Every structure is written in structure tokens, then in C-alpha cells.
Amino acid sequence: MKITFELNGQAVEFDAAPNDTLLAILRQNGVFGVKHGCETGECGACLVLLDGIPLTSCMVLAAQVDGRAVVTVEGVGGEQERGWRGSEPLHELQTAFIETGAIQCGYCTPGMIIAAKALLDRNAMPTETEVREALAGVLCRCTGYVKPVEAVLRAAARLRGEAVPPIDAAEAIPAPSGLFAPPADRDADTTPPEMVGGADGGTGVKTHVMPVMVVAPEVDTLQQVGKPAAKVDARKLVQGKPAFTDDVEMRGMLVGKLLTSPHAHTIIKRIDASKARELPGVHAVLTHEDLPRVPYTTAGQSDPEPGPHDNYSLDYKVRFVGDRVAAVAAETEAIALQALELIEVEYEELPAIFDPRASMQPGAPVIHDEPESWHIEDKDRNLAALVEWEVGSVAQGFEQADRVFEHTYYSPKVQQTPIEPHVVVTWWDEDDRLVIRTSTQVPFHVRRILAPVLGLSEKRIRVIKPRIGGGFGVKQEVLIEDICAHLTIVTGRPVHLELTRAEEFYASRSRHPMYVTMKTGVTNDGRIVANEMYLLSDTGASGTHAMTVAGNTGHKAMALYNAPNIKFHTDIVYTNTPPSGAYRGYGVPQGFWAVEQHIEWITREMGFDPLEFRLSNAIKSGDEHPVSKAWSEGREAEAEYIQSCGLAECVERGAAAIGWAEKYNNPDWHTVPDQPHLRRGIGVATVMQGTAIPRLDMGAASIKINDDGSFNLLVGATDLGTGSDTVLTQMAAEVLGCPPEDFITYSSDTDFTPFDKGAYASSTTYISGRAVVIAAEKVAVQMREVAARMLNGQENGSGEVTPDDLVLHDRAVHAPDGRSVSHRDIAFNSLHHENQHQIMGVGSYVSPDSPPPFAAQYVTITLDTETGQFTVDKMIMAVDGGRIINPVTASGQVEGGMVQALGYGHCEEMVFDDAGRMLNPRFGPYWIYRADEMPEMGVIFIETHEPSGPFGAKAVAEIPLDGVGPALANAVYDAVGVRVADGPILPEKVWRAIQEQQKESQA
């Protein structure tokens, strides 16, 4: 049927089937600003205005919009824009989103702008609470909602004709005490809220976009580094332009779909796809009988891959509910789904294991008994991998201790939930090469790992990484690229394969659930003399990232406290649950979930001050990393030394911001007047992470100058919303003496960009950044040589200059006598006039070090003792990430990471029934925090200068995941005196613990 409606002010007529959604027909007709994130209307990525009302287009039938008006983000534009000579003007909302750094991955940005426009169309002066309520229907996994809320308030002020302060006006150095004290009423819009650095001039615009910065003195003279530069890709993202994997149209493209197993552990006795293959419109049906049996790992890691090779594109045995059974490529999604129903499968069910504590028991069913899989530690015991090391002798340490504390903690299975699901498009190009366009964090690993699986050489495979709609580790995986490629190889046609939201939950990857047993020996004078961790890690049905995640748990979480005797042992076991994998933090959040609750227990039991005890035992600048010689995620373990550590100041500044001295041990603060059932609590956790994988992972970059003095920066590094393209550009701009807008930055195409290991291990700024600096320095040398020749050839010159006399700044090369040559003139001279050559530099870097960032995490809560429910009131994180290259993007990383960690500690968990079926594979039942549920948050950067990092930088991307969970648990204990060692801290767990406590007190 045909439907006619108004789309962004223009009359359109589209063909639509009766069951087509508005989302489907919009994307089929090239309107890519609406995004697919779910099929139930719960994520908000597909939001549109229908006759001015915001609605999720995945829940609206196309037929329902006939004769009506639809507005998408492509139709949101303004009369003017400041500082841009483009043909498409921006709305004030779009401008504010760019200025405030409200865009990270950008996948949910169009939905947020639509929701905000609907609000501002009806309310010119919204309060913060009203903004949060308007954005509540759009889920974001990146930002923590802080900067989007600020952007909407900023845009509203501009639309009212008010002046707003520049973003960098929010900077305050150093942070004043009590900086994060909340206004008396979030909705008190008649009283201008305070801003960092001073009053807001009466605009009513909050400007805490910039974090509090305690600046390292070594970098006071930098011009681009350390500044809040706008993201280089922000403009296209805020306009909803086709930037993501699925935002592509190709003639003859087929739709791929997967048939997954309804059973947790079974042999496929018989599979008959003949009826499916006969269905008109079906071009291919693949089963395990149609593909070569090639074992591989889906973990996107550097060669040699350290984990089990226990995956197959399709297998005769399935090992979890959601495991792949068959794949179909058809003309339409409807035909593909119908074909799946026609595939006949006879299963022979096998006993299954769902509890990792049963995996190694005698008589347990063997999950990987196939002979082809390799690099498995012990198949017969379901032991995928193990790690074991010891520093000193914990046995002797325990003998020296006055007290020994032992307890077991559990961290749950949670999903990364990027709003963009896994999606791949594959096709044969004109040179008979396979092109894989995929949402991946590791394009070069994808090419290397898939080559033997597909039976193609690497040179016949090109991997393109467009924008990524969130990754968080789940896209450090070669997950569905193989199946999509197989379908293209068989059909010769382009194929599109995308997971549904439910499949993203149960057929993707998750964080490893872990049982963590801590045993710690402490002396009466407050010294930790022995620290031991035993870890039982559940890798699910595949050993992807099994050894390295668990090894990282011990390497980072057991290194913070520099005990003379440390021991770590982990068994990583198979179960018949969806495979675990990489998730932001990579095992460290599970470790600190246990360590920091354990440390708090010790301080309470022995009467130590919790902050002083932590700092007195923590590693410090100049110390040897206590685990560095025992184990390394990279190649051989070598001694590493801490060259920068701002942990003490993180603890001090964070404590001041949260009001620790006024709250901790203050009975009056812990009670709520006239509400005896409510109790307040305050919690702390100190944490450390790592920066890159030493002596293993490599990044590279190339830079060339163009005729007009601009530059092309090519990096293999993958920007998954972190702002790495922007940060790398800022570093290059700093070296070459120009603003970031003079660069065209292109990343992650295996044909055109230099190699990079990908986006993981908090390594892009540190590893790829160093490579960019090396490349830029080579270009700068060549530019000084050309400039010196040009200056020495001037008739009115005041004397000879050498290249070493010259400096680059303000888009020119300058001599000591005041003469200069512009970048443009240098480019023209070298390309067209004298000694013609291309000024170009290539840089590569592998680090011998992995300098740890440090942080102190504080939270306050209010807990209802009658129900166990608690509300998180405030979260403060003080972070030492070395030199902060871009404070806005970095603080956005910390804010978003804290919110992910908040869900991990408070409410998120993948729940399964007795048959291994996931019970909550959708947003809603799997609850992630919304904009209207957020606590107040503050970010403080304690800058140190890391000598090994580019411009002194370390990492910030993963450490925000480490401290929130244990800080919450410690706050619950502070409020009501009960411990919840099993995450997440659900109300019923708290309530039961309170009831048990009351029974014990009455006994």
C-alpha cells in the first residue's frame, strides 16, 4: 500500500506493507536519523515527532501516519549558526549538544534532540527536573545524562534570547571546599543555580560541563591539549547523518537472520533446511553441514591470542540457549523469519551446568568435548583457563598478622547494552574482495581472525569501522561478522545482519560473573601483611577473554595495596550460559567489588580510619608495581614502577567535595528528621586500573599536509564514543601549531589507515596518542626544514636560520626575529615549487609500561529500612588520569562510566530460569538508569604528569567502573550496619539482611 504524509515539512509518498513500522519505512527511504535500538519502544533511539508529539517509531505502524506530520532529527534546524559556513543550519539544541560535549557515541543523540525539542516547543523555561523527565524515554549508555541535560538548559536560555557563558568559564583551579553542594531545590528555577567558578550572571544556566581541574604545572603553556575542543565528528552526529554501520543503502542487499537454540546443551541429531531453501525469496540457508569446521576465538586480541579456540561459525553441538543453529539470507526480513520457522531440527538434549561451582565437580557434563578445539586448560574438568601467582609468602604473612579476615563475594552477570546492537554489512567489491562494514572495536583483529575461518587471505578482506553506537567491550569480539560473510560468499550478494535487542542480551557477550574469596592478614598497627584472592570465574559456553579478564582482576585489584605477601589463584570454568567476554573495566570491577568491601570491613572491625588505612597501605609514586613481575596480560612479566600517583589528593579532594568529615561518624547526619524509617549512608572506595597492555599492543598513525596547509590524520584507532578521534587530533594540532579544525581525521579502515590493535585496555590516548605525536613530530621537522629554506631565501632576511631555531604556532612556522611562514605557504612550496615532495610522517608505538590511573569514589545514599530500597543521592569521583587532554570528553567518560557502574552495583543482572533461558532480555525488566533517576554527580581531575605518556597522559575510560559498586555496598553498611556481598544490591537483599540482623540482636 502507499502512504502519504508530511516528512520534515515536505510531502512524501512511501510504499509500505501493512505490518511495516514507521521506523522501517523511514530507514528504507534513507532517513537514517532514526535508529534501531530495540523492538519494544523502550530505548528511545527511534524517537520522532508525530504531529508534535514524541513517539517511538518502532511502535508506530507506517499506516498510522498517513495524512499526518512526522519530524525527525533531519528536520530540526535553526536560522543561523555561529562560526560555520555550511549549507545546513543547526538548531540551538544541536549547537548546545556540540558545545557541551553531550555527544559521545552519538547513537542516542537524535532521539534526545527530538525529545528536547518537544519539551522546548511547549515550555520555554524548563527546570532541570522537567528536562530530565523529557529525556527519560531515551536511554543513553555513554553520557550519564549530565551533559545532555546541560545542553538542553543552555539551548533553552539561548532561545529565550539570554546570553550564556562559554564552556571553559566553568573551570575552577583548585576546587573549593563544598563545591558540589546541591541547590536546595533542583526545580528552584527562580534562583539562578551556582556554577563552578562563579555566578551564572542570572541566566539560570548551569555550567558544570567542565569538571574541577587540579592542573599539572608541566603543561601550562600548551595551546590545544587540555582544552575543551568540540568533537571532530559532532556535527554529523547531531544532525543524524548516515555515520553508523547500518546507515547504508546497497542495491540487492539481502537480510540475514539467525536460528538459535532453545536448549542449553544439546547435539543436533538432524537438521533439514530443504523447505526453507525452497521458500521464494530465500537465497541461502547455512547449517553446520555447509561450512568447514574451523575452530577460532571470537576475542579480539593481539596475536598470539591467549584464549581457547572453541568457537565455530556453526556447530553440530550447541552449548547455551541462544547458540547459533543456522543462518538465512533472504530478500526481506519477513521472508527470512519465515524461513527460520521452516528449518527442521531434531535435538538430543544433554545435561547442562548453570552454576560455575558445579563445573569442575566429578561427573559434571563436559561442555567442550570436541577434539578440534584447542588452548583449553582441561576439557574434562570444564576448565577453560587458570592463572596462579604469588609474591612473597602469604602463609608466612598470615602467621605475622594479628587478625585474619576471610569472606566470599559475588559479582553478577551483566550486559554491556550498547544502544546500537551488533550489526554487519558484507559485500564483494569490484576487485573481488570481501568488504566487511561492521560495528567493531577491533577492525584489524577482525580481519586477521576471520581470514582462516572464511578461507580467504587477509589481503582479500577489507574491514571498515564506521561510527560505533556504543561498545564497552562487547564489540571487542568477532561475533557475527563470520556468518554475514559466509552468507555473502554463498550468495554473491550484499548481506545485512543485525541482532535484535533480545539476541544482544542472550546471544552476545556479558561481564564474567565471579565468586571472589578474599583472605587478608592485618597487624594491630594497621599494616596489611598478607592478601590472598581466590577467584572462580564463569566464562559461559565459550572461553573468549577467559584467562585475560580473570588475570586482570588479580593484576589490578590486588596491586593497589602494597602488601609484602600477595597470592592470586583463579579457575575460569565453562557453564551452559551465554558466553562472557570483555566489558569495560575488564575484570577489575569484579575484583574491587570484593577488595573494597573487604577493606571497609577490616577498618570497621579494627577501628581504623577508612581513608587513612587505605592510603597508608596503598602503592605510591616510586614503588614497584607489586604484581608486575608475577603476571602480565602482555608478553613476559617485567618490573614496572609507579612514576605518577595522585591517589592521596584524590582521596582528599573527593572527601572535601562529598563532605566526608561532616557526615562520616556523625549520628545526626545519618538520620532524617521526622522520618525514623530512613537512614543516610556514605561510602568510599579507592581503585586503580591500567593503561594499555605493555610490550604487546601497538598503535600507528600517519599525517600529511595538504595544499592549503591543512592536514590529513589517519589512525587505526577506533573511536567508539570516547572522543579518541578528537583527542588524537588535539595532540597532533599541539605539535603542529594549529587548531584541531585544520585536520581531516579518518580512523579504522584496514585498507587505508595504519594498523592499530583497537579500542580496549584504556590504551587509545596513551598508545595511539604517542604514535600520533611521533608522526606529527616527523611532519614538524620537515616543515621547519622547508620554512628555514624559504626564510633564508628572502632578500630582506635578517640572517640565516636553522630548522632548530624555528617554532610552530598559530598556523605558521616562526623565526626568532619575528619572521614567519604560514602552513599554507610551506605546503605550496613543498608540493609545487622547490624540492617538491610530500611532507608526511608515520608513527608507531608499543609501550614498555602500563602506568595505572588512580581514583577515589564517594557516594551518599538514603535507605528505607522498611523496604530495603535506597536512593543514591550523590556520587563524586576524583581521578588521577595524568594530563587530561580534553576535560569535557574525559569528564563525560567518567560520568557515563559511573552510571554504568551504578547499574552494575544497584540494579542490573541477567536472570535465568532452571533451563538456562534468560528471563529479562529487554530494557525494562533489565533496568538501566534513566535521565530522571540520576543522582547528583561530580568529577574532579587530579592531574599528574606521567613521564611515559603523550603530554603526560594516562587513562580514564575504564576506572569509573571500578569503585561505585563497593562504595554503594559500604554506604549501605554505613546506613544500617548490614553487608550485602552478593551483587547487585537489590532492595530484597538489603531487607533480608536487616531482618536477619534484627533476629540476631534479639537472640
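Modeller: Two strands pair if DSSP finds at least two bridges between them. Strands (E, at least two residues) and helices (H or I, at least four) are DSSP runs, numbered from the N terminus. This is a predicted model: local features need pLDDT of at least 70, side-chain atom pairs count only at pLDDT 80 or more, and totals for chains, interfaces and linings use all residues. Residues are numbered from 1 along each chain as its sequence is written.

Biologist: How do you know that strand 8 and strand 12 pair?

Modeller: Six bridges join strand 8 (residues 266–272) to strand 12. At least two are needed, so the two strands pair. They run antiparallel. One of the bridges links I271 to V345 in strand 12.

Biologist: What makes strand 10 and strand 12 edge strands?

Modeller: The open sheet has three strands in the order 10-8-12, with antiparallel pairing. Strand 10 (317–318) and strand 12 (344–349) each pair on one side only.

Biologist: Why is the protein chain called as compact as a globular protein of that length?

Modeller: The chain has 24 helices and 32 strands. Its radius of gyration is 28 Å, close to the 30 Å that the globule rule gives for 1003 residues, so the chain is called as compact as a globular protein of that length. The radius is taken over C-alpha atoms, and the rule is 2.2 Å times the number of residues to the power 0.38.

Biologist: What share of the 1003 residues is buried?

Modeller: Buried residues make up 65%. Buried means under 20% relative accessible area (1.4 Å probe, protein chains only).

Key
Side-chain values use heavy atoms; hydrogens and water are left out. Buried means under 20% relative accessible area, exposed over 50%, partly exposed in between (1.4 Å probe, protein chains only).
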